[in-house]
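Subject: Structure handover

Hello,

Here is the structure I said I would pass on. My notes on what turned up in it follow below.

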Amino acid sequence: MELKFSRRDFLKAIAASAAMLTAGCSPKRDTQQGPVEAKEADKWVKGVCRYCGTGCGVLAGVKGNKIVAVKGDPDCAVNRGRLCVKGILLPKIIDTKDRVLHPLIKKDGQFVEASWDEAMNLVVSKFKEAIEQYGPDSVGFYGSGQTFAEETYTMQKIMRAGIGTNNIDGNPRTCMASAVAGYVTTFGADEPMGAYADIEAADTFFIIGSNMAEAHPVLFSRLVDRKNSEPKVKIIVADPRKTRTVDIADYHLPFTPSRDLALMNAMAQVIVEEGLTDEQFISEHTEFMKGASDSITYDEYKTFLQDYRPELVAESTGIAAETIREVARLFADKNRNTMSLWCMGLNQRTRGVWVNNLVHNLHLLTGKICRPGNTPFSLTGQPSACGSVRETGGLSHILPAHRFVANEKHRNELEEIWGIPKGTMPSKPGYHTLEMFKAAVTGDLKCLWVMTTNPGQSLPNLNYYRPGMEKTFMVVSETYHPTRTSELADVVLPAALWMEKEGIYGNGERRTQHLAQAVKPPGEARSDLETIIDFAKRMGFEHLVPFNTPEEVWAEYQKCQEGTDMQMASYKRLREGHGFTWPVPDDNSPETYIRYAEGYDPYVKQGEGIKFYARKNNRAVIYARPQQDAQEMPDTEYPFFLTTGRILEHWHTGTMTFNVPELKTAVPEMYVEVHPDDAARLGINDGDLVDVTSRRATCKLKAKINGRGQPKPGLVYVPFHDQVMERMINFVLLDAFDPGSKQPEYKVCAVRLAKST
Ligand SMILES: Nc1nc2c(c(=O)[nH]1)N[C@H]1C(S)=C(S)[C@@H](COP(=O)(O)OP(=O)(O)OC[C@H]3O[C@@H](n4cnc5c(=O)[nH]c(N)nc54)[C@H](O)[C@@H]3O)O[C@H]1N2
Ligand SMILES: Nc1nc2c(c(=O)[nH]1)N[C@H]1C(S)=C(S)[C@@H](COP(=O)(O)OP(=O)(O)OC[C@H]3O[C@@H](n4cnc5c(=O)[nH]c(N)nc54)[C@H](O)[C@@H]3O)O[C@H]1N2
Ligand code: SF4
Ligand SMILES: [Mo]
């Protein structure tokens with residue numbers, strides 16, 4: 001199914017990706033005009049965009065104590081001055097009427113203002129009481145890929161070294177956990193080996209389960225530029241929906257949801273059968289496995305692939321055998337550089353880890369890895385899921401700097417750095433996200449602290465989890481109130497927002513970036529780091545927080561990085577520079593473009609070539625992973641697939657973007673995308689109110705037919721940004737999760753559709 005790609009289509013695609021154009025920030029346009037007259041600014045302060053994992057550098061124009069404009073940082077390698085519409089409108093999220101200005105305590109079902117002292121004393125007494133009565137595992141912290149690195153680093157230290165529990169998890173569990181486990185199982189260490197610069201060096205792009213045009217718009221604009229400037233470039237997009245990303249594709253593969261394991265095994269089968277492999281690379285740098293770690297031979301792997309011959313999977317995947325062959329050949333073409341890009345379409349699945357492994361397989365079989373333009377690159381969602389959670393140890397099973405809770409040596413290393421007695425760190429991994437919220441429902445979790453995330457709206461199967469949040473003693477650190485989570489809290493702590501505090505973000509390409517404080521927070525709002533340190537001191541853990549500034553936290557965190565694969569730049573360098581991709585072993589080292597490769601990675605010596613040093617035998621793993629369908633597939637009662645995701649204008653639970661008039665007006669409420677044939681069959685017209693019903697709940701949403709996203713027949717799509725209960729699609733979703741990564745399956749479940757009566 002080759003799509004003809006005319007100049008007209010191309011222009012349409014750029015226009016559709018709208019991002020740049022609506023904000024007047026096309027690469028070719030002047031980027032200096034923000035929504036507010038930029039000329040008013042007295043000074044420009046360097047930071048990073050608050051939203052997606054692209055990590056665009058920004059300059060905030062400040063006048064008095066107000067941010068009056070934002071423009072792209074021309075010296076930031078990520079965006080070179082570009083921003084999308086959300087970035088340019090950032091000043092508008094700050095002075096809003098729903099900002100929390102004072103601590104709030106719920107008394108007799110009503111929130112009342114309290115002093116910081118009163119609120120913190122209550123929090124500390126509840127935490128102490130629970131720990132004394134029920135032990136350290138009766139309390140938990142749920143954080144976010146939108147905090148600063150210093151915040152999560154400090155909190156996980158207090159939980160582990162102070163309280164003595166690994167009950168610290170965060171929303172990257174709902175987002176990146178499968179990508180983490182994919183990198184770790186295949187390469188031995190988390191995070192991509194490549195970087196965004198691979199976009200400018202690649203000829204074939206394999207984009208699967210990512211809608212970059214809306215979710216990573218500025219990065220998408222780099223892809224559009226690449227396509228524009230190099231006629232050789234071919235783009236393959238595998239997604240059950242026709243999205244705006246598909247507008248620039250040469251091939252669109254609208255496969256059946258969750259059948260992408262079969263699709264990628266079929267591509268591998270073609271690559272092996274047609275001799276498109278790089279045999280030398282395979283013999284020098286890889287090994288073959290199935291299951292958790294059972295070795296198999298290359299021949300056994302080839303036999304495994306026989307079940308996935310394109311002709312055998314064409315029907316189940318919905319993609320013609322010849323198309324699978326064509327894209328496999330394009331992927332493997334020895335005269336082309338190939339970059340894969342993926343995001344939640346792969347990660348949010350009950351087989352999210354396996355399907356990540358399968359992308360890596362394709363690169364390992366063809367040796368298209370660790371060279372410019374050749375890389376399996378997982379796109380990160382949040383601005384600092386990598387920098388603040390994956391790297392700092394912000395999940396229940398990991399420790400700072402790519403260490404693991406289950407590894408005694410790793411625990412001992414941290415005990416030494418933190419100056420606590422050897423052998424005292426808890427060795428049992430804590431609750432992962434869904435377990436933690438389940439423990440709130442069952443009553444096993446007595447106290448829960450939620451920071452920079454909104455689980456009352458973003459968790460799946462909300463009818464099950466929301467009562468637990470209400471029942472347990474819940475502290476919510478928030479910038480706005482009410483949110484669907486803060487309304488269930490016992491204590492709401494007012495937080496300083498973006499550019500009201502100083503800190504570090506780490507984006508999706510290992511780039512560590514500094515945000516300076518540009519303005520003072522409103523009312524009594526404080527930086528989350530200040531609140532965390534205050535909590536630690538009141539809990540009696542003063543010795544664990546010898547910090548007065550974020551810079552001092554960073555200096556300690558850097559000690560944890562010594563001798564690991566992820567050393568980072570110093571605060572001084574980060575403050576002065578425009579971001580550095582780690583590893584940066586010392587302040588004289590350049591940033592690292594490609595990991596594991598001689599000439600790029602400081603840890604690979606001359607003569608070593610490519611070295612997957614995070615694995616004991618230096619070999620990456622090619623896995624035999626069978627097709628496994630989503631946990632809940634359509635049936636006669638619930639005949640449609642439902643998938644959920646994002647749109648350009650809004651951010652997750654909408655607390656920030658619904659506060660921006662331009663974004664709110666652009667898309668005031670969420671809707672359900674339906675294929676025209678399905679709509680016709682059910683008598684549904686564009687704009688009709690439709691019931692979307694699963695085994696768990698019903699949502700009422702307006703139908704969108706032939707909108708910006710077009711699902712294949714039998715599939716419907718709903719963005720999850722709406723805050724109105726009856727349009728909150730997460731009530732409808734199931735809470736199945738991947739047994740390896742524990743990431744929920746937001747991307748697939750079964751529903752029925754009917755016109756609302
Ligand atoms: N505008 C905007 N941008 C954002 C965000 C936002 O809220 N708004 N959030 C950020 C965050 S945290 C994240 S994680 C990223 C997410 O970025 P993306 O993952 O790109 O966005 P989604 O819309 O969640 O999902 C991507 C695609 O997965 C497809 N999909 C559905 N089922 C399957 C399947 O079975 N297999 C495959 N392969 N694909 C499937 C969907 O059709 C959808 O088009 O976006 C980041 N950027
Ligand atoms: N249906 C469906 N559900 C999903 C997904 C999906 O694809 N489909 N995707 C999942 C994924 S990938 C993700 S990442 C999650 C995201 O889900 P959440 O993290 O729950 O959503 P956000 O709206 O980003 O929540 C961030 C909160 O932090 C607040 N905030 C902003 N800045 C600060 C600050 O500096 N300090 C403090 N304390 N608070 C602040 C904001 O007001 C907001 O309420 O959603 C998950 N849920
Ligand atoms: S692409 Fe992402 S990081 Fe860049 S301006 Fe837009 S939302 Fe912000
Ligand atoms: Mo995410």
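Leaving aside neighbours within four places in sequence, Met436 is in contact with Gly140, Phe141, Tyr142, Asn167, Ile168, Asp169, Tyr431, Leu445 and Leu448. Please keep in mind that this is a predicted model. Met436 belongs to helix 18, which covers residues 433-442. Is Met436 buried or exposed? Its relative accessibility is 0%, and the cut-off for buried is under 20%, so Met436 counts as buried. Between Met436 and Ala525 there are 89 residues of separation in sequence, and their C-alpha atoms are 27 Å apart in space.

A second residue I looked at is Thr54. Thr54 sits in the loop between strand 1 (43-48) and strand 2 (57-63). Thr54 is buried as well, at a relative accessible area of 1%. Apart from neighbours within four places in sequence, the residues in contact with Thr54 are Val78, Tyr196, His216, Val218, Leu219 and Asn507.

Helix 5 runs over residues 149-163, which makes 15 residues. From first C-alpha to last, helix 5 reaches 20 Å, close to the 21 Å expected at 1.5 Å a residue. Of its 15 residues, 14 are buried, so helix 5 is largely enclosed by the rest of the structure.

The rest concerns the ligands.

Ligand 1 is surrounded by 35 residues, and Asn211, Ala215, Asp239, Arg646 and His650 are the closest. Which backbone atoms lie at 2.6 Å and 2.9 Å from a nitrogen atom of ligand 1? A polar backbone atom of His650 is 2.6 Å from a nitrogen atom of the ligand, and a polar backbone atom of Ile647 is 2.9 Å from a nitrogen atom of the ligand. On the oxygen side, a backbone N or O atom of Met344 lies 2.7 Å from an oxygen atom of ligand 1. Ligand 1 taken alone exposes 900 Å², and the protein buries 100% of that. Helix 7 (212-215), helix 14 (344-347) and strand 25 (640-645) are the elements that give two or more residues to its shell. Helix 14 supplies the largest share, 3 residues. By type, the shell around ligand 1 divides into 14 nonpolar, 13 polar and 8 charged residues.

Ligand 2 has 34 residues around it, of which Gln146, Ser458, Glu478, Thr653 and Asn730 come nearest.

- a polar side-chain atom of Glu478, at 2.3 Å from an oxygen atom;
- a backbone N or O atom of Asn454, at 2.7 Å from an oxygen atom;
- a polar side-chain atom of His652, at 2.8 Å from an oxygen atom.

Alone, ligand 2 exposes 920 Å², of which the protein buries 99%. Two or more residues of the shell come from each of helix 19 (455-458) and strand 19 (473-478). The shell around ligand 2 is made up of 12 nonpolar, 16 polar and 6 charged residues.

Around ligand 3 are Cys49, Tyr51, Cys52, Gly55, Cys56, Leu83, Cys84, Lys86, Gly87, Pro217 and Val218. Helix 3 (85-88) and helix 8 (217-229) are the elements that each give two or more residues to this shell. Its residues divide into 8 nonpolar, 2 polar and 1 charged.

Regards

Notes
Residues numbered from 1 in each chain as written. Chains lettered and ligands numbered in written order. Predicted model: local features only at pLDDT ≥ 70, side-chain atom pairs only at ≥ 80, totals over all residues. Heavy atoms only, no water. Near = heavy atom within 4 Å. Helix = DSSP H or I, 4+ residues; strand = E, 2+ residues; numbered from the N terminus. Nonpolar A, V, L, I, M, F, W, Y, C, P; charged D, E, K, R; others polar. Expected span 1.5 Å × (residues − 1). Buried < 20%, exposed > 50% of the residue type's maximum accessible area, 1.4 Å probe, protein only. Polar contact = N/O pair within 3.5 Å; in protein donor to acceptor, adjacent residues only side chain to side chain. Areas by Shrake-Rupley, 256 points an atom, 1.4 Å probe, with all protein chains shown as cover. Contact = heavy atoms within 4.5 Å.
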